[in-house]
Amino acid sequence: MTTAIGLDVGGTKILAGLVDRTGQVLHSEERPMRRDHYLEDLRGLALSMTVAARARGLTVAGVGAGITGLVDHNGGRLVRSMNLGLEDIPVAAALREACGAPGWVDNDVHAATLAELYFGIGQRVSDFVLFNAGTGIAAGMVFGGRLHRGASNVSGEICHSSVEQHGPQCQCGLPGCLEDSILRLRRSEDIPTVRLPHLAPPPAPAYGYVALGIIHLVNLLNPQAVVLAGGMFTRQPAAVEWVTEAVRATALPLAVAGLQAICLPAAGPAAGLVGAAALVWEGLVA
C-alpha cells in the first residue's frame, strides 16, 4: 500500500502524518514549531514518518509540506514568513534528503484547499473558496475544479486587504489590514467594531472582521461554496453561526443565490495535514 507523508507547519506547531489516497490519516505525530530549528525539525519529522511507514509495510510515495508564509511552490522554498521571521528556506530539498522520496511544498492554506478539492466540497462543486482563520488569515480558491495559485503563488492573501484605513501600518505596508486588525483584537486593543446592516453585533469583535473578508470574497468571486477553516471555526461554533448569518444577510443577493453551502472542512482540524499529503498526489499526476 502506498502512502504520502504530510507536514502541516503552522506558527505554533507542526503536525506530521501518513495519509492514504482516500484522505485517511493512518498515523500522526505533533511537535511544537521551533523557529530556530525549522529545517532540523522538518527533517526529523519526515524521517520519523518514513520509519513509521516502513514499520506498517507502507511505501512512501512522497512528502508534502503545507507551511505558513509566502512559498515558491515550483522551487520548493519558503520565500518569507512574516510571522516567524524566516526567509529563503529550501524546504523541499531538505525533505527529499530526509526521506529519500519526492517532496512538494506550498503554503498551508493552498494545501488545506487541496484537501477540500480532493476529499471534501470539491466532490460536489467546481468553484469554491476556503477561508482560513487561524494563527493568520488567508484564503484558497478553486475555479473549474483546479486550485488557483496565481502567477507567483500568492493568490488568496486576503489578510492584506485594508479594512481599517486609520489603523496602524501592517508589515505589508498597508494601513489596517484584515489580519493585523484581528491580531490587535486578540491582544485586546481597542479598535472599531464592524457593523453590518440588519445584524446584531458579533459575539466576539474578530468575527466581524472575518465576516467582512468573506463577504468581499463572495461578492468578488461568486463561489458555489465557502469552507470555514482554521481554529476560529473548528473550535468556536458561535463563530460559524454568526459569520454564516452575516455572509448570507450582507453579500450581494445574486452572489448569495449561487452559494450552495457554507461549511466546515471535511477533514476537520486535520485539513492542513491531509492537504499537505495531497500535494504529493497532485505532484505525482502533474
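The model, which is predicted, contains an open sheet of five strands in the order β11-β10-β9-β12-β13, with mixed pairing, where strands and helices are DSSP runs numbered from the N terminus, a helix (H or I) having at least four residues and a strand (E) at least two. Two strands are taken to pair if DSSP finds at least two bridges between them. Strands of a sheet pair through backbone hydrogen bonds, either parallel or antiparallel. The edges of this sheet are β11 (146-147) and β13, and each has a single partner strand, so one side of each is left without a neighbour in the sheet. Strand β10 (residues 137-143) runs antiparallel to β11 and is joined to β11 by two bridges; F143 has R146 of β11 as its bridge partner.

Residues are numbered from 1 along each chain as its sequence is written. Because the model is predicted, local features need pLDDT of at least 70 and side-chain atom pairs count only at pLDDT 80 or more, whereas totals for chains, interfaces and linings use all residues, and side-chain values use heavy atoms, with hydrogens and water left out.

Helix α3 (residues 108-119) lies across β9 (128-133), β10, β11 and β12, and runs at about 135° to β9; such angles run from 0 to 180 degrees between N-to-C directions, the axes being lines fitted to C-alpha atoms, for helices over the stretch in contact. Within helix α3 is T113, which counts as buried at 1% relative accessibility, where buried means under 20% relative accessible area, exposed over 50% and partly exposed in between (1.4 Å probe, protein chains only). When residues up to four places away in sequence are not counted, T113 touches F128, L130, G140, M141, V142 and L147, a contact being heavy atoms within 4.5 Å.

Rings of Phe, Tyr and Trp (its six-membered ring) are paired if their centres lie within 6.5 Å, with planes under 30 degrees apart counted as stacked, over 60 as edge-to-face and the rest as tilted. By this rule the count is one aromatic pair, formed by Y118 and F119, which are edge-to-face at 6.1 Å centre to centre with 80° between the planes. Y118 is partly exposed at 28% relative accessibility, and F119 is likewise partly exposed, with a relative accessible area of 24%.

Helix α5 has 17 residues that should span 24 Å at 1.5 Å a residue, and its end C-alpha atoms are 25 Å apart, which agrees; the expected span is 1.5 Å times one less than the number of residues. This helix is mostly covered, with 12 of its 17 residues buried, among them Y207, L212 and I215. H216, also in helix α5, is partly exposed, with a relative accessible area of 38%. The helix is followed by N222, whose phi is positive, near 50°.

Helix α7 (residues 237-250) has 14 residues and reaches 20 Å from its first C-alpha to its last, close to the 20 Å expected. The buried residues of α7 are A239, V240, W242, V243, A246 and V247, and they pack against α5 (205-221), β12 (225-229), α6 (231-234), α8 (253-257) and β13 (261-263).

With a disulfide defined as a pair of cysteine sulfur atoms within 2.5 Å, the count comes to zero. C170 is in no disulfide, the nearest cysteine sulfur, that of C172, being 3.8 Å away. C170 counts as buried at 8% relative accessibility, and C99 is buried with a relative accessible area of 8%.
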